[in-house]
Amino acid sequence: MTLKGMVDRTVARALAPVPRVQRWWARRAADAEAAGPTPWAPFGRRFSECRAAVVTTGGFHLPDQPGFDCDRGDPTFREIPGDVPLADLRISHTHYDTRDARADPNILLPLDRLRELVAEGALGSVAPTHYSLMGYIPQVEALVGETAPAIVRRMGREEVDLALLTPA
């Protein structure tokens, strides 16, 4: 890990419980919301007939995939197979405290929980592919113009009916 990565991780751990920082982030979110209404589409299917995928900003990747660029931010994504053992995954994100996600990846990538819902008959199926991004993406134009449309196209090809969005 780079020195900057260690500093980022330390700052994330130190500032997480500070209410002032939380209020600042909430104001930023309110400013983003003021940009316009969020599109809404009613969901009319039964979960037991649906295929679900997860999109997370937890910074997960497979050992043979490149880690995320934590210094400059990274608008790219990593495809995570739906049948991957979660213990095989790595996290290369340094802008949040990853200890809990490393201890239980289901916190941000709940594939085991989705598999349980399928086994119980509550969910139709787990998508063959899930998507991990890094939450630190200052290149918003690339995220909106390239990354998000690419993920949507892939989910469409795999006939995904619903996506769980899990922010880190």
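Of the 168 residues of the protein, 36% count as buried, a term denoting under 20% relative accessible area, with exposed meaning over 50% and partly exposed in between (1.4 Å probe, protein chains only). The structure is a predicted model, in which local features need pLDDT of at least 70 and side-chain atom pairs count only at pLDDT 80 or more, whereas totals for chains, interfaces and linings use all residues. Residues are numbered from 1 along each chain as its sequence is written, and side-chain values use heavy atoms, with hydrogens and water left out.

The protein contains 5 helices and 7 strands; here helices (H or I, at least four residues) and strands (E, at least two) are DSSP runs, numbered from the N terminus. Along the sequence, these elements follow the pattern α-α-β-β-β-β-α-α-β-β-α-β. Among contacts (heavy atoms within 4.5 Å) with a separation of 6 or more, 78% join residues 24 or more positions apart.

In soluble globular proteins, nonpolar side chains tend to be buried together. A nonpolar core is defined as a set of buried Ala, Val, Leu, Ile, Met, Phe, Trp, Tyr and Cys residues joined through side-chain atoms within 4.5 Å. The largest such core in the model has 18 residues, and those with the most contacts inside it are Phe60, Leu89, Leu109 and Leu111. Strand 1 (51–56) and helix 4 (111–120) each supply at least two residues of this core. Apart from this core lies another, of 11 residues, which includes Ala53, Phe77, Tyr131 and Ile151. Leu109 touches Val54, Thr56, Phe60, Ile80, Leu86 and Leu89, residues up to four places away in sequence not being counted.

A pair of aromatic rings is described by the distance of the centres and the angle of the planes. Rings of Phe, Tyr and Trp (its six-membered ring) were taken as paired if their centres lie within 6.5 Å, with planes under 30 degrees apart counted as stacked, over 60 as edge-to-face and the rest as tilted. By this rule the count comes to 2 aromatic pairs. Phe77 and Tyr131 form an edge-to-face pair, with 5.8 Å from centre to centre and 70° between the planes. Phe77 lies in strand 3 (residues 77–81) and Tyr131 in strand 6 (residues 129–133), so the pair ties together parts that are 54 residues apart in sequence. Tyr131 is buried, with a relative accessible area of 0%. Another ring, that of Phe68, has the charged end of Arg78 over it, 4.1 Å from its centre; the criterion is that NZ of Lys or CZ of Arg is within 6 Å of the ring centre and within 35 degrees of the ring normal.

Helix 5 covers residues 140–157.

Ile151 is buried at a relative accessible area of 5%. Leaving aside neighbours within four places in sequence, Ile151 is in contact with Val55, Phe77, Tyr131 and Leu133. Met155 also counts as buried, at 13% relative accessibility. With residues up to four places away in sequence not counted, Met155 touches Ala53, Val55, Tyr131, Val160 and Ala163. Met155 and His130 are 25 residues apart in sequence, and their C-alpha atoms are 8.5 Å apart in space.

The loops on either side of helix 5 were also examined. Ile137, in the loop between strand 6 and helix 5, is buried, with a relative accessible area of 13%. Beyond its neighbours within four places in sequence, Ile137 is in contact with Asp74, Pro75 and Leu143. Ile137 and Asp74 are 63 residues apart in sequence and 5.4 Å apart in space, C-alpha to C-alpha. Glu159, by contrast, is exposed, with a relative accessible area of 60%; this residue is placed in the loop between helix 5 and strand 7. The phi of Glu159 is near 55°, a positive value in a residue other than glycine.
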